[in-house]
Amino acid sequence: MISDMLKPENIHITERVSNWKEAIHLSLEPLIKGGFVTDNYEKAILESTAEYGPYYVLAEDFALIHGRPTDGVIKKQLAITLLREPIQFSEDSFQVRVLIALAASDSNSHIDTMKVLSNIFMDESKVSEMVHAKKPQQIYDMLIQMENEIREN
Amino acid sequence: MQKFTYVITAVQGIHARPAGQLVNVAKKYESQIMISAKEKTADLKKILALMSLGVKQNEEVTVSVTGTDEAVAVKELKQFFANNL
């Protein structure tokens with residue numbers, strides 16, 4: 001499933017960002033450029049963050065940047081951004097280095113994809129593995145393998 | 001131990017935002033709080049564990065609460081589900 005939604009060219013490693021809004025923008029960029037989401041998707045995520053706080057920061061070093069399917073998803077897709085320097089989205093939330101941007105086209109595929117990613121990243125060692133990746137292709141291979149391991153169990 | 005069941009009515013199921021809020025409610029209490037759905041069980045104080053259940057609209061969850069503050073925890077949790085999910 002992840003392999004249907006992820007291309008190696010949509011995985012980037014960046015040294016640092018100045019602030020959390022830049023982190024969100026950068027993580028969504030491959031989805032915007034690739035035509036998977038409209039510009040409204042980013043706007044909607046920022047608005048939701050203002051209202052609810054950074055609901056997508058799910059664990060130390062790990063955020064799943066996403067909005068509602070109705071916020072401007074054209075086609076489902078994932079993109080991954082790894083920051084070398086961690087960023088914090090609010091004073092009391094975890095520092096983040098792995099940003100997975102998700103565009104899901106309907107509620108069920110939204111929940112299904114979050115289910116797979118949650119299953120993988122519940123294991124802190126998986127987060128740590130990804131944080132230490134040296135190249136985008138490595139991140140891609142890791143995630144595909146991690147998904148296979150989940151499916152086997 | 002007290003438990004209750006609830007059928008999810010929200011179109012988006014238990015997605016990240018209500019999951020985070022639900023976990024924050026559970027974390028207020030000392031009791032052990034578990035949530036089950038589709039034969040899998042997770043600790044309701046852990047957001048990734050909760051989201052790994054992938055609960056959708058029309059699916060049923062069972063919440064089990066065990067501890068000294070279980071009565072008040074069940075009350076607040078039931079209210080949260082009713083108001084948000």
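A definition to begin with: on a 1 Å grid over the protein atoms alone, a pocket is an open set of points with protein on both sides within 12 Å along at least five of seven lines, whereas a cavity is a set of points where a 1.4 Å probe fits but cannot get out; lining residues have an atom within 4 Å of a point. Grid points are joined across faces, edges and corners, and a volume is the space filled by probe spheres set on the points.

On conventions, this is a predicted model, in which local features need pLDDT of at least 70 and side-chain atom pairs count only at pLDDT 80 or more, while totals for chains, interfaces and linings use all residues. Residues are numbered from 1 along each chain as its sequence is written, chains are lettered from A and ligands numbered from 1 in the order in which they are written, and side-chain values use heavy atoms, with hydrogens and water left out.

Two or more lining residues come from each of α4 (107-121) and α6 (136-152) of chain A; helices here are DSSP runs of H or I with at least four residues, strands are runs of E with at least two, and both are numbered from the N terminus. α4(A) has the largest share, four residues.

The largest pocket holds about 820 Å³. Among the 27 residues lining this pocket, Val57(A), Leu58(A), Phe94(A), Lys27(B) and Ile47(B) are the closest to its centre. α1(B) contributes the most, six residues.

What about enclosed space? The count is one cavity of 30 Å³ or more, and the largest cavity contains about 100 Å³. Both chains line it, with Tyr52(A), His66(A), Gln12(B) and Arg17(B) among the residues.

Asp61(A) is in strand β3 (residues 61-66) of chain A, while Asn58(B) sits in the loop between α2 (47-51) and β4 (60-66) of chain B. Asp61(A) is buried, at 10% relative accessible area, and Asn58(B) is exposed, at 60%. Buried means under 20%, exposed over 50%, and partly exposed in between, with a 1.4 Å probe and protein chains only.
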